[in-house]
Amino acid sequence: MVDILAAPRPAKTDTSLRTLLAISTAHWVSHFHLLVLPMLFPFLKEQLGVGYIELGFALTVFAVVSGLTQAPIGYLADHIGARKILLMGLTLGGCALIMLGLLLSYSWLIASAVLLGLANSVYHPADYAILSAHMDEARMGRAFSIHTFAGFLGGAVAPAIVAALVATTGGHGALIAAGAVGPVVALLLLVAGIPDASAADRGTDGIKAPQQNVVTPAIILLTGFFMLLSLSTAGIGNFGVVALMSGYGNTFSTANIALTALLGSSAVGVLAGGLLADRTHRHGQLAAVCFALNAAMVLVIAIFTLPPVPLIAAMATAGFLGGVIAPSRDMLVRNAAPPGAAGRAFGIVSTGFNIGGIISPLLFGWIMDQDMPHWVFGASAVFMALTVLLALVTDRSPRTNFEKPDGRVLHP
């Protein structure tokens, strides 16, 4: 009898691990899908006969839709459950790319961007709601770190995967194959039996706190912080390859390797950042230091025409520094969220990413159309410097404490 009663503990651990792996896989898909269209810009430009500003407009449409729907999706994740929303997002995003591969035109590109934006809006609210509800509190930081690592990894391998798909199946086939990943992963999550997350799931966490307005000064400040993060990285992610080719004389292969080095080292930086985040409560200061160094490195890339090996090393260093701050970023949001409102909090602050996503494609597309590829990196360095300032302000923002029934106080 004792053995039977003791059995649920490892079963719970197994369930938590399975949930973390499943949700992290979904996050991998989200970041992979984010880069499919930008990696196919040369193909789309040739096939559709449009300029980079028109291609950038498609990314702006994506960001507008995702930004407008992010907070409502967060509300749904908190109130009706995150699992079904996550599964629908995976399927919808995949079908959007498949549709574009089958019906390639500029009109369908914009329609695909709309659907991809709606699909993208589910990941942060749904993922973090499920993780917050079902991960052990003692391992929450590591869970966030692994989840973020999976997303960064999805972005890191996207250039190589898309390039391989184009080489083997052509541009149309690359869109279809990349899109098929979404429904396949949704099916895998169903088979894995991921748990749901709703207000009812988090009603037994033992925290006694009144219902609070999620739109607090801390959340607003963090939304601005997320916007600057997006502006500081999106230009290089979306236009870095074409900028390195047209402005610095790099080959397509070298430019893609450099971007892959940046994105891959970002994933490694996330894991290192998880260790650092567990050892400090000054997450904003940690982010400020990393982004100050990052800005200096990107400025070097902007000013100097580096040979391939130093260029790849510089891009890798910049990516690592950018990845280090991600776990602290997520902990800042979780700490600022009232109990049971993780979906809404992450939905709101993630809107900052989308605001940056609305601005950056048009800005950096205009920079490329004006034949100023060096400013893809120069403007990114400027936004990183601004991110440093806001990170320091974020670290000084007031925190909210929550009292548990036994009288202990939880300090975010």
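Does Val50 count as buried or exposed, and what is the relative accessibility behind that label? At 16% relative accessibility, Val50 counts as buried, where buried means under 20% relative accessible area, exposed over 50%, and partly exposed in between (1.4 Å probe, protein chains only). The structure is a predicted model, in which local features need pLDDT of at least 70, side-chain atom pairs count only at pLDDT 80 or more, and totals for chains, interfaces and linings use all residues. Residues are numbered from 1 along each chain as its sequence is written, and side-chain values use heavy atoms, with hydrogens and water left out.

The chain holds 15 helices and two strands; helices (H or I, at least four residues) and strands (E, at least two) are DSSP runs, numbered from the N terminus. Of its 412 residues, 55% count as buried. Contact means heavy atoms within 4.5 Å, and among contacts in the chain with a separation of 6 or more, 85% come from residues 24 or more positions apart.

Val50 can now be placed in this picture. Val50 sits in the loop between helix 3 (41–48) and helix 4 (52–79). Leaving out residues up to four places away in sequence, Val50 touches Lys45, Leu55 and Tyr106. Val50 and Tyr106 are 56 residues apart in sequence, yet their C-alpha atoms are 8.4 Å apart in space.

The next topic is the nonpolar core, a set of buried Ala, Val, Leu, Ile, Met, Phe, Trp, Tyr and Cys residues joined through side-chain atoms within 4.5 Å. The largest such core has 119 residues, and those with the most contacts inside it are Leu44, Leu86, Leu189, Met315 and Phe377. Helix 9 (residues 217–248) gives the largest share of this core, 15 residues. Leu44 touches Leu37, Gly49, Leu55, Leu104 and Leu109, not counting residues up to four places away in sequence.

Helix 9 also packs against helix 10 (residues 252–277), at an angle of about 150° and with the axes 8 Å apart. Axes are lines fitted to C-alpha atoms, for helices over the stretch in contact, and angles run from 0 to 180 degrees between N-to-C directions. Helix 9 and helix 10 are therefore roughly antiparallel to each other, a label for angles over 145 degrees. In this pair, Ile236, Gly237, Val241, Leu244 and Met245 of helix 9 meet Phe252, Ala255, Asn256, Ala258, Leu259 and Leu262 of helix 10. By class, this contact has nine nonpolar, two polar and no charged residues; Ala, Val, Leu, Ile, Met, Phe, Trp, Tyr, Cys and Pro count as nonpolar, Asp, Glu, Lys and Arg as charged, and the others, Gly among them, as polar.

Helix 10 has a further partner in helix 12 (residues 308–324), where the angle is about 30° and the axes are 6 Å apart. The residues of this contact divide into 17 nonpolar, seven polar and no charged.

Ala143 lies in helix 8 (residues 140–192) and is buried, with a relative accessible area of 3%. Beyond its neighbours within four places in sequence, Ala143 is in contact with Leu20 and Met135. Asp371, in the loop between helix 14 (342–369) and helix 15 (374–395), counts as exposed at 60% relative accessibility. Asp371 has a positive phi of about 60° although it is not a glycine.

Methods. Parallel < 35°, antiparallel > 145°, perpendicular 65-115°, else oblique.
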